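Please have the model open as you read.

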Amino acid sequence: MNRRICIVGSGTAGLHLAYALKKDFDVTVISHRTPEQIRNGRIQSTQVHFGSTLERESRFSMPKWSAQTLIESIHITIGQQKLFAGMLTEPALSVDQRFYFSHCMEELEASKVNILLKKINDENINEIIEEFDLVIDCTGKKGPLFPFPIERDLSPFHIPHRKCIVGYFNGIEPLTPQGINVAILPGEGEMFEIPALTNKGPVTILFVMAIQDRKLDVFRAIRSSDEFTLKMRAVLDDFFPEIASRMDKANFALNDEKGYLQTAITSVIRKPYTLIKNKLAVGCGDSVFLNDPITGQGCNLSSYCAEKLYETLIEFKNDPWNAQLGESYWKRTKPFVKQVTEWTNAMTMPLPEHVIEQLLQGSKDQTKADRIAGWFADPRTAYQDIFQAAKSSS
């Protein structure tokens, strides 16, 4: 009989694990919402699946999506100066998580994966621990379920560094080449413009990251989608005129009434395993590896760590599932988690001079521009360029 695994959470990490593990184990996914509730609910985040994640999804035989919103480039602007458009080696894709998650859940259920609708609380968590051979905490930003130890050296912040304001909009002409627009306003915050696919077709995600109590921090007391749209239009006019110049004012509107979100995130990294009543519990995704979204690595880090957990479980398939397995999983993931986290933490602070110099180099050298675009697709290159450059300049 196959070992029984319970995945709590139906986000990126949980779904990637379910697809990866279902051939070798008896997998149950616990979600607190049905696919229909997810599909018709509020947007949950922004998301960009870079090339490595898309390849992983192909290996796991996950759904394929329309290529009409493929992301081919990263455009960088500082202030009002457009620096460059760096080309990605492999295209990326952003799919509305309401569309993505609900479709995957329905497909998994059709393939005989048990999808259980249930809210986990202090009373029933012990029952789940006893029932299954392993519980994987993929509860996301609201997690974790278990007392995974905080990695203090990777978790220096105690408050959010940005307010995150997200809307999925119609009425913005795409960039050429199509890609992500990163507009940096020093001392104020950032705007990320991301082409994305929803179940209603293509949209443009406008993602404002505002430093609290500065000029860009204007999304307060928003009570409706109409108020949110009006405020976003004003922000484009006042702070991001290049994007405003591509706005079709007659058709500029949210894709749906639930297509906006305001939140704030305090990044924290945890060791992704613990023992509960002498049984191993592990974490994957944002529940244990929660980074600021400024570098767009949430989906990719979750996907990467899901594959590393899958590899670990296959390696230990016929061995005891104990702290040794947990430590093996952590050793597999820690180097990449460290690189993503330290790069992300650095980008939430004022840009170091040597990073600004590299961005300026990209405006004169397409090879350098492409290298910087690759930071987002492979954070190891960002870590190398930023931190090794800092050491060499000191």
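How many nonpolar, polar and charged residues does the lining of the largest cavity have, by class? The model you are looking at is predicted, and in it this lining has 4 nonpolar, 3 polar and 1 charged residues.

**The cavities**

A search of the whole structure finds 2 cavities of 30 Å³ or more. Rolling a probe the size of a water molecule over the atoms shows where empty space of this kind is left. The table sets the two side by side.

| Cavity | Volume | Lining by class |
|---|---|---|
| Largest cavity | about 50 Å³ | 4 nonpolar, 3 polar, 1 charged |
| Second largest cavity | about 40 Å³ | 4 nonpolar, 4 polar, 1 charged |

To find the largest cavity on your screen, look for Pro174, Leu175, Gln178 and Gly179, together with Glu193, Ile194, Pro195 and Thr204, which line it. Strand 9 makes the largest share of this lining, with 3 residues. The second largest cavity has a lining drawn from several stretches of the chain: Phe157, Ile159, Pro160 and His161, then Ile265, Thr266 and Ser267, and also Asp292 and Thr348.

**Two backbone details**

Most residues other than glycine have a negative phi, and most peptide bonds are trans. Two places here are worth a look with that in mind. The peptide bond that joins threonine 176 to proline 177 is cis, and its omega is near -5°. Proline 177 sits in the loop between strand 7 (163–170) and strand 8. The other place is alanine 221, which is not a glycine but has a positive phi of about 55°. Alanine 221 belongs to the loop between strand 10 (201–210) and helix 6 (225–239).

The chain is divided into domain 1, made of 4–43, 97–157 and 266–348, and domain 2, which covers 353–391. Their C-alpha centres are 31 Å apart. At the contact, 10 residues of domain 1 meet 8 residues of domain 2. The size of an interface is often given as the accessible area lost when the parts come together. Between domain 1 and domain 2 the buried area is about 890 Å², with carbon and sulfur atoms giving 76% of it.

**The second largest pocket**

By class, the lining is made up of 22 nonpolar, 6 polar and 5 charged residues. Elements that each supply at least two lining residues include strand 3 (71–78), strand 8 (179–185) and strand 9 (189–198), along with helix 9 (323–348), helix 10 (353–362) and helix 11 (366–377).

**A recorded region**

An unreviewed UniProt entry lists residues 140–246 as "domain: Styrene monooxygenase StyA putative substrate binding".

Note on methods. Residues numbered from 1 in each chain as written. Predicted model: local features only at pLDDT ≥ 70, side-chain atom pairs only at ≥ 80, totals over all residues. Heavy atoms only, no water. Helix = DSSP H or I, 4+ residues; strand = E, 2+ residues; numbered from the N terminus. Nonpolar A, V, L, I, M, F, W, Y, C, P; charged D, E, K, R; others polar. UniProt positions renumbered as here; feature names shortened; annotations may be inferred. Domains from an automatic or database assignment. Contact = heavy atoms within 4.5 Å. Buried area = accessible area lost by both parts, 1.4 Å probe. 1 Å grid on protein atoms, 1.4 Å probe; cavity = no way out; pocket = protein on both sides within 12 Å on 5 of 7 lines; lining within 4 Å. Points joined across faces, edges and corners; volume = space filled by probe spheres on them.
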